[in-house]
Amino acid sequence: MKKTLGTMIAELRKQHGMTQLELAEKMGVTDKAVSKWERDLSCPDINSIPNLAEILGVSVEDLMQVKKEAEAPVSKVAEIMEIAPKAVAMAMGIAVTVLTILSALDVKSGMIMLGIGLACVGISLMSGKK
């Protein structure tokens, strides 16, 4: 779970054995400002973030909890690739059933739709094998 900026500042300050006053003096602000940051009532000035990160011994990215963009999309693509063939197979089966009941499906179209559905089932089963 992602922490708030205030929580990060408080944790890092404590890890370095600093009081709010000591951090405030190093940052050139009041201890009340540091207190507000840590309670998420306000944020440090954007221009002071690099200095704050340096004082707390972390990178700006770590302080701001920047995630690598490659992490999330890869897992989403894998999830979609797993679900899509199953969804298509189900949709084709439902479509053939409903259209047959409504007498709105010719044999050739029905066979094509069932073929697509079966191909998707096969893809789904094959992708499940490691």
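1. The coordinates are those of a predicted model. One place to begin is Ser124, which is in contact with Pro85 and Lys86 once its neighbours within four places in sequence are left aside. Ser124 belongs to helix H7, which covers residues 107–127. Is Ser124 buried or exposed? Its relative accessibility is 13%, and because the cut-off for buried is under 20%, Ser124 counts as buried.

2. On the chain as a whole: it has seven helices and zero strands, so that the order of elements from the N terminus reads α-α-α-α-α-α-α. Of its 130 residues, 25% count as buried. The accessible surface is about 9300 Å², and carbon and sulfur atoms account for 65% of that. When contacts between residues at least 6 apart in sequence are taken, 56% of them link residues at least 24 apart.

3. The largest nonpolar core has 16 residues, and the members that touch the most others are Ile9, Leu23, Met27, Trp37, Leu52, Leu56 and Leu63. Two or more core residues come from each of helix H1 (5–15), helix H2 (20–27), helix H3 (31–38) and helix H4 (49–56). H4 supplies the largest share, with five residues. As general background, nonpolar side chains in soluble globular proteins tend to be buried together.

4. In H1 the buried residues are Leu5, Gly6, Met8, Ile9, Ala10, Leu12 and Arg13. Their cover includes H2, H3, H4 and helix H5 (60–64). Just after H1, Gly17 has a positive phi of about 65 degrees.

5. The packing of H2 on H4 can be given in numbers: the angle is about 130 degrees and the axes are 10 Å apart. The crossing in which H2 passes H4 is right-handed.

6. At the residue level, the H2 side of this pair consists of Leu23, Lys26 and Met27, which meet Asn51, Leu52, Ile55 and Leu56 of H4.

Key. Residues numbered from 1 in each chain as written. Predicted model: local features only at pLDDT ≥ 70, side-chain atom pairs only at ≥ 80, totals over all residues. Heavy atoms only, no water. Core = buried A, V, L, I, M, F, W, Y, C linked by side-chain atoms within 4.5 Å. Buried < 20%, exposed > 50% of the residue type's maximum accessible area, 1.4 Å probe, protein only. Helix = DSSP H or I, 4+ residues; strand = E, 2+ residues; numbered from the N terminus. Contact = heavy atoms within 4.5 Å. Areas by Shrake-Rupley, 256 points an atom, 1.4 Å probe, with all protein chains shown as cover. Axes fitted to C-alpha atoms, helices over the stretch in contact; angles between N-to-C directions. Left-handed = near helix turned anticlockwise from the far one by under 90°.
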